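Please read this briefing alongside the sequence and the coordinates. It is arranged by topic, from the whole assembly down to single residues.

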2 protein chains.
Amino acid sequence: MAEIRWDIIKNNWVGIAAGKALKPNEFPINKRGIDTNGNHVFCPFCEGYESYTPPEIMAIRPNNSETDKSGWSIRVIPNKFSIFNPEESLEKEKSGIYCSYNGVGRQEVIIETPIHGAELHGYDIDRIVMILNVLKQRYNVLSQDDRIKYIQMFKNQGVFSGASQGHSHSQIMGLPFVPCENPGVSEYYKKTGSCLMCEIIKQEKSRGERIVYETDYFLLLCPYASRFPYETWVIPRNHYEHFGAISDAEIDDMAMICKKFTGVMIDSLQNPAYNYILNSAPVNMPYISGFHWYLEIIPRMLVTAGVNIATGIYTNPVAPELSAQMYRQHMLNME
Amino acid sequence: MAEIRWDIIKNNWVGIAAGKALKPNEFPINKRGIDTNGNHVFCPFCEGYESYTPPEIMAIRPNNSETDKSGWSIRVIPNKFSIFNPEESLEKEKSGIYCSYNGVGRQEVIIETPIHGAELHGYDIDRIVMILNVLKQRYNVLSQDDRIKYIQMFKNQGVFSGASQGHSHSQIMGLPFVPCENPGVSEYYKKTGSCLMCEIIKQEKSRGERIVYETDYFLLLCPYASRFPYETWVIPRNHYEHFGAISDAEIDDMAMICKKFTGVMIDSLQNPAYNYILNSAPVNMPYISGFHWYLEIIPRMLVTAGVNIATGIYTNPVAPELSAQMYRQHMLNME
C-alpha cells in the first residue's frame with residue numbers, strides 16, 4: 001500500500017510506495033542507460049503493445065477501432081507505477097511524531113502519439129489541439145472526484161527530465177491535498193486583493209525585457225526569478241483560474257505556441273530534455289482567490305544538484321533577460 | 001553582477017548570474033555527454049593544473065610544497081562559477097512587485113584528492129579524516145563572516161548528482177540568508193520545547209525498522225519521509241547544533257561511517273551518482289533553538305521529474321523500511 005507521508009522537518013509531502021522496492025537496475029537511469037545506441041527497445045506505449053498497459057481510460061480512435069487494440073491516435077491509461085490508488089477514501093494515520101495519509105489519488109498517462117520517436121515540436125497542429133482537448137477533458141473529469149483537491153499536469157521529455165519512457169507522453173495527477181508549492185499566489189491576493197499573475201503580466205509588459213512573445217490570448221515570458229536556465233512561462237492574458245475552462249480558440253492559439261516555441265527551444269538549446277508543467281487552481285474545496293493557470297516550460301540543461309536538494313534554493317547561470325532576448329530573436333526569425 | 005531574487009510565487013530564493021549566459025554546449029550535461037568513453041579529458045582539479053583554478057584558499061601540503069603548485073593532498077579553492085561574491089555588503093533592491101539581494105556569499109570547492117577517478121569510498125580513512133577536518137576548519141572560518149547566515153556543505157558525485165566536474169570534490173557555501181528548507185525544526189521546538197532530531201532518534205530507536213547502523217557517536221537511518229529511494233541520514237546521537245563543534249573522536253567515527261556506508265551504497269545500488277548534504281544551524285543571527293546538525297546521503301537513482309518541480313512533492317518508489325533492511329544486512333556482512 002502506498003502512503004503519503006508528512007516530512008516533519010521540511011514541511012512537505014512525500015509519496016512512498018510502502019510495499020515494494022525497485023531493484024537498482026529497474027530505475028530509469030539504469031534502464032535507459034543500456035539503450036545508448038538509440039535502438040528501439042520494447043516500448044509498452046507503442047501501437048500494437050496495448051496489452052502491456054493497464055486498460056485504457058479513453059482514446060481517440062478515428063476509425064472507431066476496438067478498445068485496447070491498435071488504431072488509436074491518442075490513448076489515456078492509468079500510470080502503472082503510480083503510488084496513488086483511486087479506489088479508496090482518504091485516511092490519516094499517526095505514528096508517534098510522524099503522520100501519513102493513504103495513497104488516494106489518480107495518475108493518468110496521455111500517450112500523445114502511436115509513433116515512437118515523434119515529439120511535440122514535430123506534431124501537426126491538429127494533434128496538439130487534440131492533446132490539449134484530452135487534457136481539458138481529463139481535468140474536468142478528475143475535478144468531479146471530490147477526494148481530489150489539486151490537479152497537476154506535466155510532461156517529461158528526455159531522460160534528463162525524469163521521463164522513464166522514451167515514447168512521447170504527458171501525465172495528469174489528481175492529488176488529495178493542495179501542494180505547498182505556490183503559496184505566494186494566495187498570500188498576494190490576501191494582502192492586495194489582486195491576482196499576482198495579472199500583476200506580473202502588467203509589470204512585465206511595461207518593461208518588456210523578459211517578454212518572449214505575445215499572441216491574442218497568451219503572453220510568453222522568462223520569469224523574473226527563473227529557477228532554470230531558459231525557463232519560459234505561457235500565461236493566459238485574461239484572468240482564468242482553471243485550465244478546464246479553456247476555450248476552443250485559446251486551445252488553437254496555445255497549440256500554435258507549443259509547436260512554435262518548443263521548436264525554437266529544441267533548435268536553440270541543442271535538443272535538451274524538458275518539462276512542461278501546467279499549474280491550475282485547487283478543486284473541491286472552499287474557494288481561494290488569486291489563482292491564475294499557467295504553463296511552465298523548463299529545458300533541463302542542469303541536473304538538480306546537492307545545493308538545491310539541501311536548501312531548496314535554485315541557482316541559475318543564465319539571467320532571464322538574456323534567455324528572453326535569445327528566444328525573442330528566434331521567434332521573430334520564424335515569422 | 002549576480003543577484004539573489006525572491007520568487008514571489010513560490011516564496012523561495014533563486015541565485016541568478018545576471019550578467020552572463022552559458023551557451024548550450026557549456027552546460028554539464030552536454031559537456032560531459034561528449035566524454036562517454038571514459039576518456040580522461042582536461043580536468044582543472046588534477047595535480048599539475050593548479051594554474052587553471054582561482055588561487056587556493058588553503059591546502060594540505062605534506063612536504064610544504066609551494067602554493068598553487070603540485071604536491072598537495074587536499075586543496076580548497078573558490079568556486080569559479082559561483083554566483084556569489086564575497087567582497088560586497090548585502091543590499092536589497094526593489095523593482096515593482098519584485099525584490100532581490102546582490103549576490104553576497106562564499107562558495108568554496110574542496111578538491112579531496114589529487115588523483116582523478118579516486119572516490120570517497122576508496123580513500124584511506126586518513127584522507128577522509130583530513131577532509132572532515134578541512135570542512136570543519138572552513139565552516140568555522142566562514143562563520144566568522146557576519147554577512148553569512150547559513151553554511152551549507154555538500155558533495156555531488158557523478159553526472160546524475162549535478163556534478164559538473166568528474167574529479168572528486170566537496171563544496172561549502174556561505175549564504176547571506178537562512179534557506180526556508182527545514183522549517184519544521186524550529187516550529188517543533190517552539191511547540192514542544194524539544195529538539196525534533198533528538199525526538200526522531202528516540203522514536204526510531206524504539207522501533208528499529210528504519211535503523212541502518214549505530215556507532216558510538218552516530219545513528220544511521222533511512223528517514224520516515226525519505227524523498228529519495230535509499231536515502232540515508234547520519235545523525236549525531238548527542239545534541240549538537242553546529243558541525244563546526246565536531247570533536248576529533250567524532251571525526252574518526254564519522255570517517256569510518258562515510259567509507260563503510262558509501263562502499264555499501266556503491267556496491268548494493270550498482271554505483272549510483274549521489275549527494276552528501278551536511279545541514280547545520282544558522283550563524284551570525286539571534287539564537288534559534290532546535291537545530292541539530294546531520295548528514296543526508298542521497299543516491300540519485302531517479303532524475304527530478306516534472307511532478308517534483310511542479311508541486312515540490314517527491315515520490316519515492318522504495319519504502320525506507322525496505323531500504324534500511326537492505327543496507328542493514330550489507331553493513332552486517334562487512335563486520
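What follows describes a predicted model, taking the pair of chains, then chain A as a whole, and then some of its elements.

Chain B is superposed on chain A with an RMSD of 0.0 Å by a turn of 180 degrees and a shift of 0.0 Å along the axis, which is the relation of a two-fold axis. Between the two chains, 78 residues of chain B are in contact with 77 residues of chain A. Chain A itself holds 7 helices and 15 strands, and its radius of gyration of 20 Å is close to the 20 Å that the globule rule gives for 335 residues, so chain A is as compact as a globular protein of that length.

**The two copies and their interface**

- Two copies of a chain are, in general, related by a rotation about an axis and a shift along it.
- For this pair the turn is 180 degrees and the shift is 0.0 Å, and the same surface serves both copies, since 99% of the contact residues of chain B recur in chain A.
- The residue of chain B that comes closest to the rotation axis is B:Thr304, whose C-alpha atom lies at 3.4 Å from it.
- On the side of chain B that touches chain A, the largest share, 6 residues, is contributed by strand β2 (residues 12-17) of chain B.
- By class, that side of chain B is made up of 47 nonpolar, 24 polar and 7 charged residues.
- Strand pairing also crosses between the chains, with strand β2 (residues 12-17) of chain A and strand β15 (residues 314-316) of chain B paired in the parallel sense over 3 bridges; within this pairing, B:Tyr314 is the bridge partner of A:Val14.

**Chain A as a whole**

- Taken along the principal axes, the C-alpha atoms of chain A fill a box of roughly 50 × 50 × 40 Å.
- Buried residues account for 49% of the 335 residues in chain A.
- Of the contacts in chain A between residues at least 6 apart in sequence, 67% join residues at least 24 apart.

- Within chain A, strand β1 (residues 2-7) is joined to β2(A) by 6 bridges and the two run antiparallel, with A:Val14 as the bridge partner of A:Arg5.
- β1(A) and β2(A) form a hairpin with 4 residues between them, and A:Asn11 in the turn has a positive phi of about 50 degrees.
- In a regular strand the side chains alternate between the two faces of the sheet.
- In β2(A) both faces are covered, with A:Asn12, A:Val14 and A:Ile16 buried on one side and A:Trp13, A:Gly15 and A:Ala17 buried on the other.
- Because 6 of the 6 residues of β2(A) are buried, the strand is largely enclosed by the rest of the structure.

**A second hairpin in chain A**

- Strands β5 (residues 92-95) and β6 (residues 98-102) of chain A run antiparallel and are joined by 4 bridges, and the bridge partner of A:Lys92 is A:Tyr101.
- The hairpin formed by β5(A) and β6(A) has 2 residues between the strands, and A:Gly96 in the turn has a positive phi of about 65 degrees.

- Helix α7 (residues 320-333) of chain A has 14 residues, which at 1.5 Å a residue should span 20 Å, and its end C-alpha atoms are 20 Å apart, which agrees.
- The buried residues of α7(A) are A:Pro320, A:Leu322, A:Ser323, A:Ala324 and A:Tyr327, and their cover includes β10, β11 (218-221), β12 (232-236) and α5 (248-268) of chain A.
- A:Tyr213 is found in strand β10 (residues 211-214) of chain A and counts as buried, with 21 C-beta neighbours inside 10 Å.
- Leaving aside neighbours within four places in sequence, A:Tyr213 is in contact with A:Leu220, A:Phe261 and A:Met331.
- The C-alpha atoms of A:Tyr213 and A:Leu332 are separated by 8.7 Å, although these residues are 119 apart along the chain.

**A:Ile77 in strand β4**

- A:Ile77 is found in strand β4 (residues 74-78) of chain A and counts as buried, with 21 C-beta neighbours inside 10 Å.
- Beyond neighbours within four places in sequence, the contacts of A:Ile77 include A:Thr53, A:Pro54, A:Glu108 and A:Val109.
- The C-alpha atoms of A:Ile77 and A:Met58, 19 residues apart along the chain, are separated by 7.3 Å.

Key: Residues numbered from 1 in each chain as written. Chains lettered and ligands numbered in written order. Predicted model: local features only at pLDDT ≥ 70, side-chain atom pairs only at ≥ 80, totals over all residues. Contact = placed C-beta atoms within 7 Å. Nonpolar A, V, L, I, M, F, W, Y, C, P; charged D, E, K, R; others polar. Pairing = 2+ DSSP bridges. Rg over C-alpha atoms; globule rule 2.2 N^0.38 Å. Buried ≥ 20, exposed ≤ 12 C-beta atoms within 10 Å, placed from the backbone. Least-squares fit on C-alpha atoms with pLDDT ≥ 70 in both. Expected span 1.5 Å × (residues − 1).
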